[in-house]
Amino acid sequence: MVAANLILGSSVVYWHALGHIPATTLLGYRILVSLATLALTVAALRRTGVLRAALGDRPLLATHLLAAVLICVNWLTFIWASIHGRVIEASLGYLIAPAVTIAVGMLLVREPVSRLRRAALALCLLGIALLITRSGELDWWVFVTIGATWGLYGAVKKQSPADPVTGLTLETAFLAVGVVAVAAFSPYSLALQPPADTSDHVLLALCGLISVVPLWLFSFGAKAITLTVSGFVQYLNPTAQLVIALGVYGQVPSANTFVCFALVWLSLVALVMETVLGERRRRPRDPQPSTELLKGNHRS
């Protein structure tokens, strides 16, 4: 999960390098090249039988169809933000996402809800509301869309029994069918227009790895840890993006944005501390050796 979030956070530089290509075209290439990458992976791992079995499981297909819709909206918004220099907004979106994941865990999975957790989420919502109403230099729809879709995607993936490769292949296949249908029945095209050159084709050939590897790692992480812990580790994604926004893109947020950013951070830090302390309290203590055993050891 750590590696997934660091790769995702740093990928804004990759998409910015392709900024002269429309975001919708980049999304199409991302989906189709990712499917080709996953098909090779499935063949190499000899998991075609598992994939065929998954195609007959309607509830599983429905789960990954929902995940596919969420990741499609997330990808498109993130690509648009990357190529238009709205990296602070993308960073805020991925910072908000853990709160969405935690809220889903509380409401749908019925994870324990303490007073501190309620207060922290309320503080996070306050920070988001102030960002929307007071930070005029930000495109608020970017961070709201990214935060909601990525947070819900993590929660949906947690509910799927499919292994990471199978789940990702199903989702990408759904999206690839959508790309082909749109290209067939609309003016949408994947043709690259000038000034696209050979270097762009090389970069586009890599978008499968850029997309699949972090999502594969994310899927492994989502299976191995709780929704709450998953939300906390996602700190790394927005942190990497914020550093890039300030150091590479030169975005200058307003004082209000910094304050609201701090509110959201504080709310999630409170959630981290509450969870860590709660797990320590629930952890069974090592049994103390009996008095007779101590005496026996002493006589020995």
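Which residues touch the most other members of the largest nonpolar core? They are Trp15, Leu26, Trp150 and Tyr153, in a core of 67 residues. Keep in mind, as you look around, that this is a predicted model.

## The chain as a whole

Let's start with the overall picture. The chain has 15 helices and zero strands. Of its 300 residues, 46% count as buried. Among contacts between residues at least 6 apart in sequence, 90% join residues at least 24 apart. The accessible surface of the chain comes to about 14800 Å², and carbon and sulfur atoms account for 69% of that.

## Inside the cores

Back to the largest nonpolar core, with its 67 residues. Helix 6, which covers residues 87–107, gives the most to this core: 12 residues. A second, separate core has eight residues, including Leu51, Leu60, Leu61 and Leu170.

Leaving aside neighbours within four places in sequence, Trp15 is in contact with Leu26, Arg30, Phe78, Ile79, Ser82, Ile83, Cys207, Ile210 and Ser211.

Is Val264 buried or exposed? Val264 is buried because its relative accessible area is 1%, where the cut-off is under 20%. Again leaving aside neighbours within four places in sequence, Val264 is in contact with Leu95, Cys124, Gly127 and Ile128. Val264 and Ala99 are 165 residues apart in sequence, and their C-alpha atoms are 9.0 Å apart in space.

Helix 3 runs through residues 23–44. Its 22 residues reach 31 Å from the first C-alpha to the last, close to the 32 Å expected at 1.5 Å a residue. Buried residues in helix 3 include Ala23, Leu26, Arg30, Ile31, Ser34, Leu38 and Val42. Among the elements that cover the buried residues of helix 3 are helix 2 (12–17), helix 5 (58–83), helix 9 (164–185) and helix 11 (207–224).

Next comes Arg46, in the loop between helix 3 and helix 4. Arg46 has a positive phi of about 55 degrees although it is not a glycine. Most residues other than glycine have a negative phi. With a relative accessible area of 77%, Arg46 is exposed.

## Salt bridges

How many salt bridges does the structure hold? There are four. In one of them, Arg47 pairs with Asp163, and the closest N and O atoms are 3.0 Å apart. This pair links distant parts of the chain: Arg47 is in the loop between helix 3 and helix 4, while Asp163 is in the loop between helix 8 (140–159) and helix 9, 116 residues apart. Arg47 is partly exposed, at 26% relative accessible area.

Glu171 and Lys157 form another salt bridge, with the closest N and O atoms 2.8 Å apart. Glu171 sits in helix 9 and Lys157 in helix 8, 14 residues apart. Glu171 counts as buried at 2% relative accessibility, and so does Lys157 at 6%. Salt bridges that share partners also join Arg86, Glu89 and Asp139 into one network.

## A patch on the surface

Finally, turn to the outside. Ile7, Val202, Leu206, Leu209 and Val213 form a nonpolar patch on the surface, with about 380 Å² of accessible area together. Leu206 lies in the loop between helix 10 and helix 11, and is partly exposed, with a relative accessible area of 41%.

How values were computed
Residues are numbered from 1 along each chain as its sequence is written. This is a predicted model: local features need pLDDT of at least 70, side-chain atom pairs count only at pLDDT 80 or more; totals for chains, interfaces and linings use all residues. Side-chain values use heavy atoms; hydrogens and water are left out. A nonpolar core is a set of buried Ala, Val, Leu, Ile, Met, Phe, Trp, Tyr and Cys residues joined through side-chain atoms within 4.5 Å. Buried means under 20% relative accessible area, exposed over 50%, partly exposed in between (1.4 Å probe, protein chains only). Helices (H or I, at least four residues) and strands (E, at least two) are DSSP runs, numbered from the N terminus. Contact means heavy atoms within 4.5 Å. The expected span of a helix is 1.5 Å times one less than its number of residues. Accessible areas come from the Shrake-Rupley method with a 1.4 Å probe; for residues, only the protein chains shown count as cover. Patches are made of residues with over 30% relative accessible area and no salt bridge: like charges are joined within 9 Å, nonpolar side chains (Val, Leu, Ile, Met, Phe, Trp, Tyr) within 5 Å. A salt bridge is a side-chain nitrogen of Lys or Arg within 4 Å of a carboxyl oxygen of Asp or Glu.
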